[in-house]
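Colleague: Could you walk me through this fold and its side-chain contacts? I'd like to go question by question.

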Amino acid sequence: MVLDLSERKKKILRAVIESYVQTAEPIGSKAVADLAGLNVSSATIRNDMADLEEQGYLEQPHTSAGRIPSPKGYRLYVNELMDEYKLSMQETDRINAALHMRMKALDKVIDEAGRVVAKLTQYPAFALAAAPEQVTIRRFDLLLVEQNAFIAVVMTDTNVVRNKLFRLDREFSQAQLQMLGTLLNTGFTGLTLAQLSPELLRVAQHAAQEAYDLIELVVSFAGEVLEELTRRSVHTAGIANLLDHPEYQSLEKAQPLMSFLSEEEFRPFSLGEQSGVGADIVIGPENVAEALKDSSVVMASYDLGDGMRGLIGVVGPTRMDYAKISARLSYFAKGLSWIVSQGGLPPGTEDPK
């Protein structure tokens, strides 16, 4: 709780921030008086704004007599002064429609989530997912397609299923595939990626060459699946949206951030840094990455089930409408969690609380 600000100064700070969010222009004392509904003179408000600047909550650009919020001012606003944003029916309908369109391709939900959020917010968006550190294969199934071709199906302990068609230059029978499946399910289930190779070496010492060749093919495929699931890649979308905002209309200002967002190893945050309750907001200098020091990040996590979590977020100017963006991200994350776990949108999403 901030104890050094009077209620009037808080109203002034709130008025400055909400005006700046809408206009991206510094605001003077007369406009603040009208917006804040304060029955005091402009001189009094000017003095209060000067105090707020001295305390670090406002800044005064060199080119204007008006003030703009500082990162410290935004932080106080987010923590204490910001009203909860109620999504309109139009907004919830739009988000629900986006979620319904993605229900047919949940295996690509991470790729899609970033694109949808970028469209919903008009800011660059990112999405990532992380499986448990120790993913293992739960089951192998081998299906004969032709006398020299079969499909290998692997299911992980996180209920992810992948398959691959193998064509060989020799023939084999369904009975041989069944025996191979038994060997795989006996010796290679419950193993992590790091444990597959040592077990494969052990099997090589005892199995016939033809059988080992087939085992190696399928186990190598299983290793690729486990490697994919334990790799935490970040998907970005809508990076060009930055150019729609006044803060980034100068390419000199926008280019470093756009390049940072485009990097293959872009890592805004790890899942462990997110609270898991509602949306988290990181403002300007609070960001660890130097490229984000003049920007803000709003993010929300969602549950993919079986120990897997996802994170979606947006990057934009500190002038973001934090209440609105937080509400949209939280609602979208809630919908994703329910779609993955229940196969549909949560009850009552048409009228979120």
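What follows is a short chat about the sheet, the salt bridges and the aromatic rings.

Colleague: What am I looking at, and what pLDDT do local features need?

Modeller: Residues are numbered from 1 along each chain as its sequence is written, and side-chain values use heavy atoms, with hydrogens and water left out. It's a predicted model, where totals for chains, interfaces and linings use all residues, side-chain atom pairs count only at pLDDT 80 or more, and local features need pLDDT of at least 70.

Colleague: In the open sheet of 3 strands, what is the strand order?

Modeller: Strands here are DSSP runs of E of at least two residues, helices are runs of H or I of at least four, and both are numbered from the N terminus. Two strands pair if DSSP finds at least two bridges between them. The pairing in this sheet is antiparallel, and the order is S4-S5-S6.

Colleague: Which are the edge strands?

Modeller: An edge strand pairs on one side only.

Colleague: Which residue in S6 is the bridge partner of Ile151?

Modeller: Strand S5 (residues 149–156) runs antiparallel to S6, and 7 bridges join them. For Ile151, the partner in S6 is Leu165.

Colleague: Helix H9 lies across S4, S5 and S6, but at what angle does it run to S5?

Modeller: Axes are lines fitted to C-alpha atoms, for helices over the stretch in contact, and angles run from 0 to 180 degrees between N-to-C directions; contact means heavy atoms within 4.5 Å. H9 covers residues 209–230. Its angle to S5 is about 40°.

Colleague: How many salt bridges are there?

Modeller: The rule asks for a side-chain nitrogen of Lys or Arg within 4 Å of a carboxyl oxygen of Asp or Glu. By that rule, the count is 16.

Colleague: Is Asp48 buried or exposed?

Modeller: Buried means under 20% relative accessible area, exposed over 50%, and partly exposed in between (1.4 Å probe, protein chains only). Arg8, at 32%, is partly exposed. Asp48 has a relative accessible area of 5%, which makes it buried.

Colleague: Which strands does the Arg167 and Glu146 pair tie together?

Modeller: These side chains meet in a salt bridge at 3.0 Å, N to O. Arg167 is exposed at 52%, whereas Glu146 is partly exposed at 40%. The two are 21 residues apart in sequence, and the strands are S6 and S4.

Colleague: Why is the Phe166 and Phe221 pair edge-to-face?

Modeller: Rings of Phe, Tyr and Trp (its six-membered ring) pair if their centres lie within 6.5 Å; planes under 30 degrees apart are stacked, over 60 edge-to-face, and the rest tilted. These ring centres are 6.3 Å apart. The pair is edge-to-face because the planes are at 75°.

Colleague: Which residues form one aromatic cluster?

Modeller: Phe150 and Phe172 also make an edge-to-face pair, 5.6 Å centre to centre. Phe150 is buried at 0%, Phe172 is buried at 6%, and Phe166 and Phe221 are buried too. The cluster is Phe150, Phe166, Phe172 and Phe221.
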